[in-house]
Amino acid sequence: MTPFDLAGLFTFWGRRWDDILELVLEHMSVVAISLLIATVIGIMIGVLVWNRPVPRSVAIASAGVALTIPSLALLALITPIFGLGWTPTVLSLVFYSLLPIVRNTVVGLRDVAPEIMESARGVGMSNFRILVSVQLPIAWPIILTGVRVAAQLTIGIAAIAAYVAGPGLGQYIFQGLSSLGSKNALNLALTGTLGVIVLALVVDALFVLITRYTTSRGLRA
């Protein structure tokens, strides 16, 4: 195996900077699209089942079981149906993102104090208006925490999606692993891996800011 050369890694980055930036943008794009779809679906499921014990248990248990399916196995199963590239990648990322979003939506809605609900009903609010104007704003920090966890999951799993020609930094990781012993094998694998780590840290910091500026002042810790 080729020994690690820090100067060589910097040279590699300089020569491949355009390609690296393109892969980073692809990785961010597929994660953002998948996370947006999963957030909409997850919150809708949570809203529908939060106060129904049996559907709630089924939804959370189903999402939990789904999360135990190995990502490579899922990608191998859906590729013959949806082909290679973006479609199986987005589907798999949405699939794995649902559990934390559904679970946190349910927890957040159930944590709203009954006294607050009764007060809202006392001033004539309908159930829908209570949900939109009272429950969801109060539950929002918890829901956003679920989305934040889902974002970290999708960033990592998106790298594995290179197995089915998915977009993003995983392409460099798989190229490096498949060409071990060659001059740039280690540079490719390290670049992809470090890129995923840095991207995860940046997205996590972004969610800290989003939480801060989208949460009511009265609910901030």
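Visitor: Is Asp204 buried, partly exposed or exposed?

Guide: In this predicted model, Asp204 has a relative accessibility of 24% and counts as partly exposed. The class follows from the cut-offs, because buried means under 20% and exposed means over 50%.

Visitor: Which side chain does Asp204 meet in a salt bridge?

Guide: The general idea is that side chains of opposite charge can pair when their charged atoms come close. Here the partner of Asp204 is Arg148, with 2.7 Å from N to O. The two residues are 56 apart and link distant parts of the chain, Asp204 being in helix α9 (residues 185-214) and Arg148 in helix α7 (residues 127-160). Arg148 is also partly exposed, at 28% relative accessibility.

Visitor: How many salt bridges does the structure hold?

Guide: There are two. Glu118 and Arg121 form a salt bridge in which the closest N and O atoms are 3.3 Å apart.

Visitor: Where do Glu118 and Arg121 stand in relation to each other?

Guide: Both belong to helix α6 (residues 114-122); they are separated by about one helical turn because they are three residues apart. Glu118 is exposed, with a relative accessible area of 51%, while Arg121 is partly exposed at 38%.

Visitor: Which residues make the nonpolar surface patch?

Guide: Trp17, Leu21, Leu25 and Met28 make a patch of about 410 Å². A patch takes residues with over 30% relative accessible area. Leu25, with 47%, is partly exposed, and it is found in helix α2 (residues 17-49).

Visitor: Where is Pro167, and is it buried or exposed?

Guide: Pro167 is in the loop between α7 and α8 (170-178). Its relative accessibility is 2%, so it counts as buried.

Visitor: What is Pro167 in contact with, leaving aside its neighbours within four places in sequence?

Guide: Pro167 is in contact with Glu26, Val30, Gly85, Trp86, Thr89 and Ala158. As for Ser71, which is 96 residues from Pro167 along the chain, the two C-alpha atoms are separated by 15 Å.

Visitor: Which residues does the UniProt domain annotation cover?

Guide: The unreviewed UniProt entry gives "domain: ABC transmembrane type-1" for residues 24-207. In the model, that span is 83% helix and 0% strand, and its end C-alpha atoms lie 18 Å apart.

Conventions:
Residues are numbered from 1 along each chain as its sequence is written. This is a predicted model: local features need pLDDT of at least 70, side-chain atom pairs count only at pLDDT 80 or more; totals for chains, interfaces and linings use all residues. Side-chain values use heavy atoms; hydrogens and water are left out. Patches are made of residues with over 30% relative accessible area and no salt bridge: like charges are joined within 9 Å, nonpolar side chains (Val, Leu, Ile, Met, Phe, Trp, Tyr) within 5 Å. Accessible areas come from the Shrake-Rupley method with a 1.4 Å probe; for residues, only the protein chains shown count as cover. A salt bridge is a side-chain nitrogen of Lys or Arg within 4 Å of a carboxyl oxygen of Asp or Glu. Helices (H or I, at least four residues) and strands (E, at least two) are DSSP runs, numbered from the N terminus. Buried means under 20% relative accessible area, exposed over 50%, partly exposed in between (1.4 Å probe, protein chains only). UniProt positions are given in the numbering used here, feature names are shortened, and annotations may be inferred rather than shown by experiment. Contact means heavy atoms within 4.5 Å.
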